[in-house]
Amino acid sequence: MVLAELGGSISRAIQQMSNATIIDEKALNDCLNEITRALLQSDVQFKLVRDMQTNIKKIVNLDDLAAGHNKRKIIQQKGKPSVVMFVGLQGSGKTTTCTKYAYYHQKKGWKPALVCADTFRAGAFDQLKQNATKAKIPFYGSYMESDPVKISVEGVERFKKENCDLIIVDTSGRHKQEVALFEEMRQVAEATKPDLVIFVMDSSIGQAAFDQAQAFKQSVAVGAVIVTKMDGHAKGGGALSAVAATKSPVIFIGTGEHMDEFEVFDVKPFVSRLLGMGDWSGFMDKIQEVVPMDQQPELLQKLSEGNFTLRIMYEQFQNLLKMGPIGQVFSMLPGFSSELMPKGREKESQAKIKRYMTMMDSMTNEELDSSNPKLMNESRIMRIARGSGRSVRDVMEMLEEYKRLAKIWSKMKGLKIPKKGEMSALSRNMNAQHMSKVLPPQMLKQIGGMGGLQNLMKQMGSAKDMMGMFGGGDK
Ligand SMILES: Nc1nc2c(ncn2[C@@H]2O[C@H](COP(=O)(O)OP(=O)(O)OP(=O)(O)O)[C@@H](O)[C@H]2O)c(=O)[nH]1
């Protein structure tokens, strides 16, 4: 089969599936079988074809996708220009995010363009223009025209003609109550027929996220979420609500005002942040490497009882110092990384740990094995300082560090001890279990309780796979 024929066969197979009303296992299999046949006829190695089939099935896990998710989108072929419409509340960071999204894809080889259909906020066009110019991305908008539908249609048409393959439409910001603006958004969607609608939300909106996201979803077919301002203090728990309300994955997060402060969403650090911990799942996998085999069950047992004693801290310091380039290992242990050991200052941190250990050497067994902070009274602190030749301030600092770590590690309480090979499943369950404790009850209820949360986590975990053409995928 010559190349052109092969291309035709593949396109036909995809087209056939795209025409199917429901994309289910059968539709996907039919399509894959068709492609397989064409590839084999073109003398493509059997193993290669088989691997491709397996990989595609792995990526397109139909069962794992949320009910309302548009499966077609993931399977869609690349090549035709895609229109992506951004919606979100005023000030959510929508305009900034549009440019970041365009810039990100431009670097991946796409040819993006920006259309400013925000005629509501004075200055919106100027802002977009400025950002777009900086990133050398073509833009379209008007100071005179007040009809956002007209502008968006003109913009999309123009960029289609100019062969742009990712046309991004920025719409006016709005509040839930503003019926007129919602109507406007619906009209813009109707006129531009976007392939994807992205809901942009500020990470700090918290519990209000569910209602807001739902209101947007009810007006337009939101297919993905981007959470902004993750560089701030907010933990971003509202993202869970937005995912639940829109049944769409979070695809990116905004981490600053600059163009490149934009990251593909990754569930692990997100969950860790939500819980105020280090990378738990990484930690669960790494604990086997960091902690000597014979100490592992005991350590996990103690942590599951919620007793993070000074002795545990001492033993972990000991393990870590034995490990060689400790920076890497350190970053895996919750709470041990950035604060105790800033990047690039490993030597100083190592010295600090040794100092802490010297002070702990002057402690009694009772002190080391207690998890009662009140035990450390003034006379004990003075004795430890004298015994180790350090100042009272040093001892206090070490105890503060212990308290900080104890607080973080106390979240391990109730942890089920993993059997061999259960690490990642455990970390997933543990995440859901612990998350259910830190989330406000109202939010948990909206998400669908513990079961809903577990599903969400699974869904969020596979968000990377689901991004396809509109996410982080290379072109
Ligand atoms: N720190 C931080 N600031 C951000 C981020 N994303 C956007 N911003 C800032 O948030 C503010 C609002 O962003 P805009 O992009 O103007 O918001 P908008 O949603 O388009 O506003 P409207 O057009 O009024 O709807 C700006 O000052 C941005 O620089 C982010 O990820 N981190």
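Q: In which helix is the place of Tyr 402?
A: The model is a predicted one, in which local features need pLDDT of at least 70 and side-chain atom pairs count only at pLDDT 80 or more, while totals for chains, interfaces and linings use all residues. Residues are numbered from 1 along each chain as its sequence is written. Helices (H or I, at least four residues) and strands (E, at least two) are DSSP runs, numbered from the N terminus. In these terms Tyr 402 belongs to the run covering residues 392–409, which is helix α19.

Q: Is Tyr 402 buried or exposed?
A: A residue is buried if 20 or more other C-beta atoms, placed from the backbone, lie within 10 Å of its own, exposed if 12 or fewer do, and partly exposed in between. Because 21 other C-beta atoms are found within 10 Å of Tyr 402, this residue is buried.

Q: Which residues is Tyr 402 in contact with, leaving aside its neighbours within four places in sequence?
A: Two residues are in contact if their C-beta atoms, placed from the backbone, lie within 7 Å. The C-alpha atom of Pro 373, 29 residues away along the chain, is separated from that of Tyr 402 by 9.6 Å. Once the sequence neighbours are set aside, the contacts of Tyr 402 are Leu 310 and Met 313.

Q: Which strands stand at the edges of the open sheet?
A: The sheet has 8 strands with mixed pairing, in the order β3-β2-β4-β1-β5-β6-β7-β8, where two strands pair if DSSP finds at least two bridges between them. Two strands have a single partner strand each, so one side of each is left without a neighbour in the sheet, and these are β3 (139–140) and β8 (262–264).

Q: What angle does the direction of helix α5 make with that of β4?
A: Strands β1 (residues 82–88) and β5 (residues 196–202) pair in the parallel sense over 5 bridges, and Phe 86 stands opposite Ile 198 in β5. Helix α5 (residues 94–107) packs on this sheet, with β1 and β5 among the strands that it touches. Angles run from 0 to 180 degrees between N-to-C directions, and axes are lines fitted to C-alpha atoms, for helices over the stretch in contact. For α5 and β4 (166–171) the angle is about 175 degrees.

Q: Through which helix does the chain cross from β6 to β7?
A: β5, helix α9 (residues 209–219) and β6 make a right-handed β-α-β unit; a crossover is right-handed if, with the strands pointing away from the viewer, the path from the first strand over the helix to the second runs clockwise. The parallel strands β6 and β7 are joined by 3 bridges, and Val 225 stands opposite Val 250 in β7. The crossover between them is likewise a right-handed β-α-β, and its helix, residues 238–246, is α10.

Q: Which elements do the buried residues of α9 pack against?
A: The buried residues of α9 are Ala 209, Phe 210, Gln 212, Ala 213, Phe 216 and Lys 217. They pack against β1, β5, β6, α10 and α21 (441–447).

Q: Which helix supplies the largest share of the shell around the ligand?
A: There are 21 residues around the ligand, of which Gly 93, Lys 94, Thr 95, Gly 173 and Gly 254 come nearest; a residue is near a molecule if its C-beta atom, placed from the backbone, lies within 6 Å of it. Helices α5 and α6 (124–134) each supply at least two residues of this shell. The largest share, 3 residues, comes from α5.
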